[in-house]
Amino acid sequence: MSFYIGREASKLWKRVCAETSIEVKLLVENWKYLLGGLICQYIHGLAAHGVHYFHRPGPILQDVGYYLLPELGIERAYISETLFTFIFASFVLWTFHPFIFKNKKIYTVLLWCRVLAFLFGCQILRIITFYSTQLPGPNYHCREGSKFATLPLPENILEVFVIIPRGVLYGCGDLIFSSHMIFSLVFVRTYQKYGTRRFIKQCAWLTVVVQSLLIIASRKHYTVDVVVAWYTVNLVVYFIDHKLPELPDRSSAALLLPVTKDSRTKEENHKLLNGNNVDSADRRSRTQSNGKVQELSNVVHSDAATNGV
């Protein structure tokens, strides 16, 4: 038993090392795109923080979703955030699965370059939209009487460019369209294309639908914020996805393998990266070799019998 565990651990370690060497090389080649994507996330956060200075609380607007969905209340507002955290964390963990699992279809670095492009394409439109018209926030901390509903003018430039966690949690004014829905839909659409489990894909879409309803029931957004997110994000992702080059097939992973003089080591790395078990591959190779030897032996015996006759 201990021998089996040790052998499996050794295989896992080889797989992690081989995948890491690939991803490091891709990171060196594509770090500018990742850095640019992260800077764009900061710009989006900065814009959402800035619009809070313009927010003015007022009566909640008429909303069909508010009539149809009962209000969860401030004590249960955490439910939608918990579900969003689950979606976010699940997707992030999935993007790193090639380091652990045998079956793999993506490269982590290249996938995140693509995802960040999707996110910022949607967030640019979101920034333009919520700066065009500031609606009175329906969330509890954005209503009249709340100390978080308005922000005093900044005393120095540092207050504008520094984003604090409290500002993220208690932001107001950045309504159309929902940022939570941007992240959720981008993640689910990405898994829809590059994921391999049909059941998980179906559950992911169902989870996003539930997330949409919870956002409205929590009064964090108006229904229009969610509806606009559904068609805008899908259209933006569809457009950008067709403009970007497709991710390379993992069957070509040998081109990215580290240079090694040991041909057997290179072959094992290639099998590990493409999700093949080295031992099982060796057994198949030995079986095929034994089969060819057996066929050759049968031909020899047949010729000998014919000559004897």
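Keep in mind that the model is predicted. A search of the whole structure turns up one disulfide, and some nonpolar side chains gather in a patch on the surface.

**The nonpolar patch**
- The patch is made of L27, W31, L35, I39, Y42, I43, I157, L158, F161, V162, I163 and I164, which together have about 1,100 Å² of accessible area.
- Two elements, α1 (2-51) and α5 (157-161), each give two or more residues to this patch.
- The biggest giver is α1, with six residues.

**A buried glutamine**
- Look for Q211 in helix α8, which covers residues 198-217.
- Q211 has 0% relative accessibility, so it counts as buried.
- Setting aside neighbours within four places in sequence, Q211 is in contact with S80, L83, F84, I87, H180, M181 and S184.

**The cysteines**
- The disulfide joins C142 and C172, whose sulfur atoms sit 2.0 Å apart.
- C142 is in the loop between α4 (108-132) and α5, while C172 is in the loop between α6 and α7 (179-194), so the pair ties together parts 30 residues apart in sequence.
- The link of C142 and C172 is left-handed, with -95° about the S-S bond.
- C142 is buried at 3% relative accessible area, and C172 is buried at 1%.
- As for two other cysteines, C17 is partly exposed at 34%, whereas C122 is buried at 0%.

How values were computed. Residues numbered from 1 in each chain as written. Predicted model: local features only at pLDDT ≥ 70, side-chain atom pairs only at ≥ 80, totals over all residues. Heavy atoms only, no water. Patch = residues over 30% accessible without salt bridge, like charges linked within 9 Å, V, L, I, M, F, W, Y side chains within 5 Å. Areas by Shrake-Rupley, 256 points an atom, 1.4 Å probe, with all protein chains shown as cover. Salt bridge = Lys/Arg side-chain N within 4 Å of Asp/Glu carboxyl O. Helix = DSSP H or I, 4+ residues; strand = E, 2+ residues; numbered from the N terminus. Buried < 20%, exposed > 50% of the residue type's maximum accessible area, 1.4 Å probe, protein only. Contact = heavy atoms within 4.5 Å. Disulfide = S-S within 2.5 Å.
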